[in-house]
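Here are a few exercises to work through with the model open beside you. Try each task before reading its solution.

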Amino acid sequence: MSSEVTVDAPTEERHPGTTSIDTHTSLDILRALNTEDATVAGAVGEILPELAHLVDRAVDSLRAGGSVHYFGAGTSGRLAVLDAAELRPTFNAPAGLVVAHHAGGPAALLQAVENVEDDVDLGRSEADVLRPGDIAIGLTASGRTPFVAGALARARELGAVTALVTANPRAEVAVHADILLAVRTGPEALTGSTRLKAGTAQKLVLNSFSTALMIRLGRTWSNLMVDVVATNAKLRGRVLRILQEATGADAEQARVALDDAGGELKPALLSMLAGVDAARARDAIATHDGSVARALAALGSPVPPAPADPTAPTEPTAPTAPTAPTAPRP
C-alpha cells in the first residue's frame, strides 16, 4: 500500500489570480505565466547575500582541491545536471570540479523513476564520495525531498559545507544546511507545478552561482569567456572573435597567436597583451591559478580598463572642441 505525504510549501498553495486560467485564450494564458515569471528575478535578488557567501565558500574549496556537488530529484535534478554539464564547454572546467547527482541517474532524466526522490538512503550513498571541505548543494522546491535530505545529512557528517536551494522558507531539509537560499517565489500559476517559477528560480541561482564561481577562479578575462573550449565551428569562431575583441588585433594576427599557443585562447591572449611568447604566457597563467588578469599584472603590464558601460548614467559636461581621433587601445 502506497504512503501519502502532505507538503506544506508555498508552491503547493493555490494562486488566487489564475483560478480561471483554463478558460483563457492562448495569449491570456501566456500573459498570466509571463506576469508570474517576471517576479522571479526580484525574488532571487533577495537571497544574493547568501548566494555570495556560498560562492566564497566554493572558491575557497576549489582552490584547496575540493569539489562542488549538486543533489536534486525531478526538475531540480535535471536543472543541476544541465548546469554542471555546461561548465565544461563554457569554461573548460575539468571533470569532477562540479558534479550533479540526479536521483535515479541517467534513466530519470527523460522519464520519472518511481520512488527515487523518496529514498533517503540513496541520497546518503550518492554523497559518500564527498570529502571534508567539499561543497554539497541540495535543490528541492518543496524543501522536503528525502533524497536531498539524505545527501545533505551525509555530506555534513563527512565534513562538507552544505547549502539548500528551495522555494520554501520553512523547508524541512534546512536543518541539514549551513547556508539556506530560500527564494520566495510563492504559489505557482498551476498549483504545484514547480517546473514554473520555482524551477526558473533554481535555474537563475545555479547560473549565477556557477558563473560567479568561474569568474572568481579566473576562467574569464574582463567579461570575455577566455577558457571556452572550441569544440565546433561556432565556438572556434567565438574564440577568434574574443581574441580580436580583447586585443584589437585583426583576424590574421589573432590566428597566428592562436597557432603559436597551440590553439589555446588564454596563453594566446596573454602573449598578445603582455608582448611575450606563448610559452612564457602559459607559465605565467599556471603560476597565477589560471588568471589572465593576475598574470598580466605580474608580467608588468597593467590590466587595461574595461570599456565604459553604455547604459550607465553620466553627468552632463560642457561641450569641448573636437580633437583628432586616436587609435583604439587594446
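**Exercise 1. Find which residues of H4 and H8 meet, then describe how the two helices pack.**

Start with the contacts. On the H4 side they involve Ser-76, Leu-79, Ala-80, Leu-82, Asp-83, Leu-87 and Phe-91, and their partners in H8 are Gly-199, Gln-202, Lys-203, Leu-206, Asn-207, Ser-210, Thr-211 and Met-214. Sorted by type, the residues of this contact are 7 nonpolar, 6 polar and 2 charged.

Keep in mind that you are looking at a predicted model. Next, take the axes: those of H4 (residues 74-91) and H8 (residues 197-216) come within 10 Å, with a crossing angle of roughly 30°. Angles under 35 degrees count as roughly parallel, and H4 and H8 are therefore roughly parallel to each other. Finally, check the hand: the crossing of H4 and H8 is right-handed.

**Exercise 2. Locate the largest nonpolar core and say which elements supply it.**

First, the core itself: it has 36 residues, and those with the most contacts inside it are Leu-54, Val-68, Tyr-70, Ile-137, Phe-209 and Leu-213.

Second, the elements. At least two residues of this core come from each of the helices H2 (40-45), H3 (48-63), H4 and H8, and likewise from each of the strands S1 (68-72), S3 (135-139), S4 (161-166) and S5 (179-182).

Third, zoom in on one member. Beyond its neighbours within four places in sequence, Leu-213 is in contact with Val-55, Ala-58, Val-59, Leu-62 and Val-68.

As background, nonpolar side chains in soluble globular proteins tend to be buried together.

**Exercise 3. Examine the backbone at Asn-92 and Asp-289: what is phi at each?**

Begin with the expectation that most residues other than glycine have a negative phi. Asn-92 has a positive phi of about 55°, and Asp-289 has a positive phi near 55°.

Now place them. Asn-92 sits in the loop between H4 and strand S2 (98-102), while Asp-289 sits in the loop between helices H12 (278-287) and H13 (292-298). For Asn-92, the relative accessibility is 27%, so this residue counts as partly exposed.

Note on methods:
Residues are numbered from 1 along each chain as its sequence is written. This is a predicted model: local features need pLDDT of at least 70, side-chain atom pairs count only at pLDDT 80 or more; totals for chains, interfaces and linings use all residues. Side-chain values use heavy atoms; hydrogens and water are left out. Axes are lines fitted to C-alpha atoms, for helices over the stretch in contact, and angles run from 0 to 180 degrees between N-to-C directions. Helices (H or I, at least four residues) and strands (E, at least two) are DSSP runs, numbered from the N terminus. Angles under 35 degrees count as roughly parallel, over 145 as roughly antiparallel, 65 to 115 as roughly perpendicular and the rest as oblique. A crossing is left-handed if the near helix is turned anticlockwise from the far one by less than a right angle, and right-handed if clockwise. Contact means heavy atoms within 4.5 Å. Ala, Val, Leu, Ile, Met, Phe, Trp, Tyr, Cys and Pro count as nonpolar, Asp, Glu, Lys and Arg as charged, and the others, Gly among them, as polar. A nonpolar core is a set of buried Ala, Val, Leu, Ile, Met, Phe, Trp, Tyr and Cys residues joined through side-chain atoms within 4.5 Å. Buried means under 20% relative accessible area, exposed over 50%, partly exposed in between (1.4 Å probe, protein chains only).
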